[in-house]
Amino acid sequence: MKSLFKGLIDLLFPPRCLSCNELLISEDDSDFCPDCKNRISFYFPPFCPICGFTLPPDTGDNTLCLRCVAATPPFEACRSMGRYESVLLEAIHDLKYRGRIATGVALGNLLASYIGQYLPVQDYDLVIPVPLHKKRLRERGFNQSLIIAKSIARNFSLTIDFQSLRRLTYTEPQINLGRKERESNVRNAFAVVREKAVADSRILLVDDVYTTGSTVKECARTLLKSGAKSVAVATLARA
Ligand SMILES: [Zn+2]
Ligand SMILES: [Zn+2]
């Protein structure tokens with residue numbers, strides 16, 4: 001139910017699309033206008049059941065992608081909402097590099113409704129964002145993955161934990177690195193500082209962008225080593 005207060009705020013400051021700034025006239029509660037939403041390339045099944053990679057349309061159920069056949073990832077499942085391009089890429093940059101927290105909250109809500117279709121979200125015990133090193137956190141002022149993770153936790157009434165998993169090493173942005181370099185760059189970069197909190201838990205790990213998966217895989221390995229029962233991953237985009 002729309003509260004009177006919210007109605008008044010909407011009247012004074014009509015809601016606008018977070019991407020193109022057009023006035024939002026539809027009542028579907030989305031923070032992006034229909035045009036911008038249509039320009040997000042959402043991923044649809046069939047997926048590789050483990051990493052979520054989109055497979056050709058005629059692929060049967062429970063067929064793994066070649067990469068997961070060659071090396072099974074440490075996480076049980078990973079789903080990314082859409083391709084890292086266009087409106088989605090711009091919105092992620094608005095959050096990360098321009099500090100638009102409201103856009104991050106909206107993206108988190110969008111991701112929550114997306115993964116609700118493909119992951120058993122109610123079954124998870126904890127939502128954990130991929131942590132930033134404290135030096136990076138000081139530079140940026142906030143952890144974008146925490147903003148997204150908070151939206152997911154709120155949507156599903158799950159507990160959020162942004163303190164048990166820590167990033168120990170400060171790494172340069174991985175943008176120009178290949179798969180092998182990315183993997184060695186994040187090896188042993190994370191640690192669990194409160195094993196009790198994660199022990200025996202089913203964890204939903206949240207990140208903004210999945211590129212080679214080296215970061216979320218290393219986080220998953222670290223959590224499992226500390227006694228987590230399982231780790232699933234949700235990201236906004238996949239490069
Ligand atoms: Zn728009
Ligand atoms: Zn796969």
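The crossing of helices α4 and α5 is left-handed, a term for a near helix turned anticlockwise from the far one by less than a right angle, with right-handed used if it is turned clockwise. The model is predicted: local features need pLDDT of at least 70, side-chain atom pairs count only at pLDDT 80 or more, and totals for chains, interfaces and linings use all residues. Residues are numbered from 1 along each chain as its sequence is written, chains are lettered from A and ligands numbered from 1 in the order in which they are written, and side-chain values use heavy atoms, leaving out hydrogens and water.

**Packing of α4 with α5**

- Helix α4 covers residues 86-98, and its axis comes within 7 Å of that of α5, crossing at roughly 130°; axes are lines fitted to C-alpha atoms, for helices over the stretch in contact, with angles from 0 to 180 degrees between N-to-C directions.
- Helices (H or I, at least four residues) and strands (E, at least two) are DSSP runs, numbered from the N terminus.
- The two helices α4 and α5 are therefore oblique to each other, since angles under 35 degrees count as roughly parallel, over 145 as roughly antiparallel, 65 to 115 as roughly perpendicular and the rest as oblique.
- On the α4 side the contact (heavy atoms within 4.5 Å) is made by L88, A91, I92, D94 and L95, and on the α5 side by I101, T103, G104 and L107.
- By class, this contact of α4 with α5 has 6 nonpolar, 2 polar and 1 charged residues; Ala, Val, Leu, Ile, Met, Phe, Trp, Tyr, Cys and Pro count as nonpolar, Asp, Glu, Lys and Arg as charged, and the others, Gly among them, as polar.

**Packing of α5 with α7**

- Helix α5 (residues 101-118) packs against helix α7 (residues 144-156) at an angle of about 50°, with the axes 7 Å apart.
- That angle makes α5 oblique to α7, and the crossing of this pair is right-handed.
- Residues of α5 including I101, G104, V105 and G108 meet residues of α7, among them I147, I148, S151 and I152.
- The contact of α5 with α7 has 9 nonpolar, 6 polar and 1 charged residues.

**Packing of α8 with α10**

- Helix α8 (residues 179-186) and helix α10 (residues 214-225) have axes 9 Å apart and pack at an angle of about 35°, in a right-handed crossing.
- R179, R182, E183 and V186 of α8 form the contact with S214, T215, K217 and E218 of α10.
- These residues divide into 1 nonpolar, 2 polar and 5 charged.

**Zinc sites**

- The zinc ion (ligand 1) has C17 (SG), C20 (SG), C33 (SG) and C36 (SG) as protein donors, lying 2.3 Å from it; donors are N, O and S atoms within 2.8 Å of the metal (3.2 Å for Na, K and Ca), and water is not among the atoms, so sites may look incomplete.
- With angles of 105 to 116° among its 4 donor atoms, the site of ligand 1 is tetrahedral, the term for four donors with all angles between 85 and 135 degrees.
- The donor residues of ligand 1 are spaced C-x2-C-x12-C-x2-C in sequence.
- The zinc ion (ligand 2) is coordinated at 2.3 Å by C48 (SG), C51 (SG), C65 (SG) and C68 (SG).
- The site of ligand 2 is tetrahedral, with angles of 105 to 116° among its 4 donor atoms, and its donor residues follow the spacing C-x2-C-x13-C-x2-C.

**Backbone features**

- Most residues other than glycine have a negative phi, and most peptide bonds are trans.
- N21, in the loop between α1 and α2, is not a glycine, yet has a positive phi of about 70°.
- P45 and P46 are joined by a cis peptide bond with omega of about 5°, and P46 lies in the loop between α2 and α3 (66-70).

Technical notes
Four donors count as tetrahedral if all angles lie between 85 and 135 degrees; four count as square planar and six as octahedral if opposite donors are over 155 degrees apart and all others between 65 and 115; anything else is irregular.
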